[in-house]
Amino acid sequence: MKRHSLYVESDDGPPPAQLASHIAAGTLRVVRQVDLRPSDFDTACGLLATAYLDQIDFEARATTIAEFIETGGRIVFNGHIVRPFIKGMHPFVPLATQRRNDLAIERLAAHSIFAGISAQVHATQRGVAGFYGRGHNPPLVGATLLSGIGPDRLPVDWEWLLPGGGGLFVHSGNDLWSVSDDADVNTTVADRLVAWSLAGRTERAVA
Amino acid sequence: MSILAVNAGAAFHIESLEGPRYRHFFDRLIRPEELGDVALDAYGAMLVPCRTAAHRLTPHVGRLLSYLNAGGTIVAMGECHSERWLPGIHFTPVETNFWWWLEPGSDLGVTITSPAHPLFRRLKRRDLAWHLHGHFAPPSGAEVLVADREGRAVVYVDEVTTPGRMILSSLDPFFHHGHHFMPATTRFLDGFLAWLAEDVGGSTAVDSTLAGKRT
């Protein structure tokens with residue numbers, strides 16, 4: 001089977017256009033969340049979850065998910081964590097106030113997902129701030145903080161990698177491939193997220 | 001009060017249904033997959049929040065229809081493709097204009113069409129306006145509560161298609177409230193859920209043998 005990640009379809013679809021080329025190429029396989037089987041975690045390199053993810057279901061799969069990550073699997077998580085499904089996770093913290101300044105976005109560290117993409121490209125849509133995020137998912141211990149929101153630069157994006165290559169990329173807002181006015185940026189981000197999700201188990205296989 | 005709500009587990013569902021602001025309105029929360037195991041007739045109303053995946057409800061179409069035939073009330077909120085799992089729904093999606101309010105003096109055009117309905121003791125026009133996803137073509141005899149600029153139904157009550165009652169909305173307040181976004185959606189839920197609880201509170205459990213219409 002071709003190396004692939006799973007797009008976990010939690011709504012009625014169709015999957016977003018930004019991911020279409022990967023689905024067509026077979027590097028991304030669409031699986032409805034209600035049809036997700038433990039064996040899917042064995043064969044996939046990574047997994048993309050949307051803001052529609054059924055987190056009650058994911059919480060119930062915590063053991064499978066832990067094994068997946070420990071063996072190099074990577075998860076791209078978009079949205080608000082309300083049911084922690086990895087040990088050490090804590091629920092989303094909404095911003096106390098949502099004034100314009102509270103919604104400002106700033107890059108905190110270099111990362112392949114955001115290389116060459118200004119935070120300003122993500123800060124507003126049609127001049128309106130707030131689509132990117134309205135709070136943050138508290139990072140796991142050892143996470144690298146990638147983007148901050150508001151004057152306190154609360155971690156709206158972060159990456160958490162284990163020594164074995166598995167891990168999490170967390171964006172605490174609407175699906176990251178849909179939050180720019182620039183369609184090319186959205187496609188670029190989608191491409192990079194798919195590549196990131198494939199990398200952990202691919203690198204283990206090469207090693 | 002006797003309201004059963006379906007919890008499909010998205011963050012915005014959990015925040016809206018389990019969060020302290022509205023949890024007290026719901027006597028029980030169930031997963032879509034549990035619909036086959038629950039005695040729906042014990043509840044005065046069943047609520048399906050916005051953006052619940054239709055493919056998780058369609059396996060239970062028969063039970064939902066039986067509940068309606070026994071006089072039950074089903075509330076289906078926006079973007080959950082109610083036309084796929086409830087009878088007599090004719091829905092037309094529209095391209096959503098998220099940006100209408102950027103124009104000075106603009107108006108989404110949403111109107112209250114049945115101002116005497118008790119819901120509007122709790123909701124004002126401004127509590128209905130964030131954006132639109134589509135409109136319904138209700139059957140003759142249905143009561144349209146909210147319409148778009150062209151007069152097409154956005155929220156309506158259907159007590160003619162079945163012996164029960166269907167309350168349909170193309171508005172999606174749970175999604176935005178649960179994402180801590182758009183204060184109008186919170187105002188809508190404040191009023192809507194208080195009205196629903198009040199409305200259902202006086203009724204007894206529906207009768208599964210006598211398919212009588214609610215009065």
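## Terms and basis of the model

Buried residues are those under 20% relative accessible area, exposed residues those over 50%, and partly exposed residues those in between, computed with a 1.4 Å probe on protein chains only. Helices (H or I, at least four residues) and strands (E, at least two) are DSSP runs numbered from the N terminus.

The model is predicted, and for that reason local features need pLDDT of at least 70 and side-chain atom pairs count only at pLDDT 80 or more, while totals for chains, interfaces and linings use all residues. Residues are numbered from 1 along each chain as its sequence is written, chains are lettered from A and ligands numbered from 1 in the order in which they are written, and side-chain values use heavy atoms, with hydrogens and water left out.

In helix α4 (residues 62-70) of chain A, the buried residues are A:Ile65, A:Phe68 and A:Ile69. They cover an arc of only 90° around the axis (the arc being that of the directions from the helix axis to the C-beta atoms), which puts them on the same side of α4(A). An α-helix has 3.6 residues a turn, so residues three or four places apart point the same way. The face of α4(A) turned away from its buried side carries the exposed residues A:Thr63 and A:Glu70, and just after this helix A:Gly72 takes a positive phi of about 100°.

In chain B, the buried residues of α2(B) are B:Leu64, B:Tyr67 and B:Leu68. Seen down the axis of α2(B), these residues fall within an arc of 100°, so they line one face of the helix. They pack against β3, β4 (73-76) and β10 (165-169) of chain B, where contact means heavy atoms within 4.5 Å. Just after α2(B), B:Gly71 has a positive phi of about 95°.

## The interface between chains A and B

Contacts between the two chains involve 24 residues of chain A and 26 residues of chain B. Together the chains bury about 2,100 Å², 61% of it on carbon and sulfur atoms; buried area is the accessible area (1.4 Å probe) that two parts lose on being put together, summed over both. Three salt bridges are counted between chain A and chain B, a salt bridge being a side-chain nitrogen of Lys or Arg within 4 Å of a carboxyl oxygen of Asp or Glu. One salt bridge joins B:Arg56 to A:Asp54, with the closest N and O atoms 2.9 Å apart.

A:Arg83, found in the loop between β4 (74-78) and β5 (93-94) of chain A, counts as buried at 18% relative accessibility. A polar contact of 2.8 Å joins the side chains of A:Arg83 and B:Glu18; such a contact is a pair of N or O atoms within 3.5 Å, and within protein one must be able to donate a hydrogen and the other to accept it, with residues adjacent in sequence counting only if both atoms are side-chain atoms. Not counting residues up to four places away in sequence, A:Arg83 touches A:Gln55, A:Ile56, A:Glu59, B:Ile14 and B:Glu18.

## Salt bridges within and across the chains

The structure holds 18 salt bridges over all chains. A:Arg32 counts as partly exposed at 30% relative accessibility, whereas A:Glu9 counts as buried at 8%.

In chain B, the side chains of B:Arg56 and B:Glu33 meet in a salt bridge (2.9 Å, N to O). B:Arg56 lies in the loop between β3 and α2 and B:Glu33 in the loop between β2 (28-30) and β3, so the pair ties together parts that are 23 residues apart in sequence. B:Arg56 is buried at 7% relative accessibility, and B:Glu33 is partly exposed at 40%. A:Asp54, B:Arg31, B:Glu33 and B:Arg56 are linked in a network of salt bridges.

## Backbone features

The peptide bond from A:Gly13 to A:Pro14 is cis, with omega near 0°, and A:Pro14 is found in the loop between β1 (5-9) and α1 (20-25) of chain A. Although it is not a glycine, A:Arg126 has a positive phi of about 50°, and A:Arg126 is exposed, with a relative accessible area of 55%. B:Arg51, also not a glycine, has a positive phi of about 60°, but B:Arg51 is buried at 13% relative accessible area.
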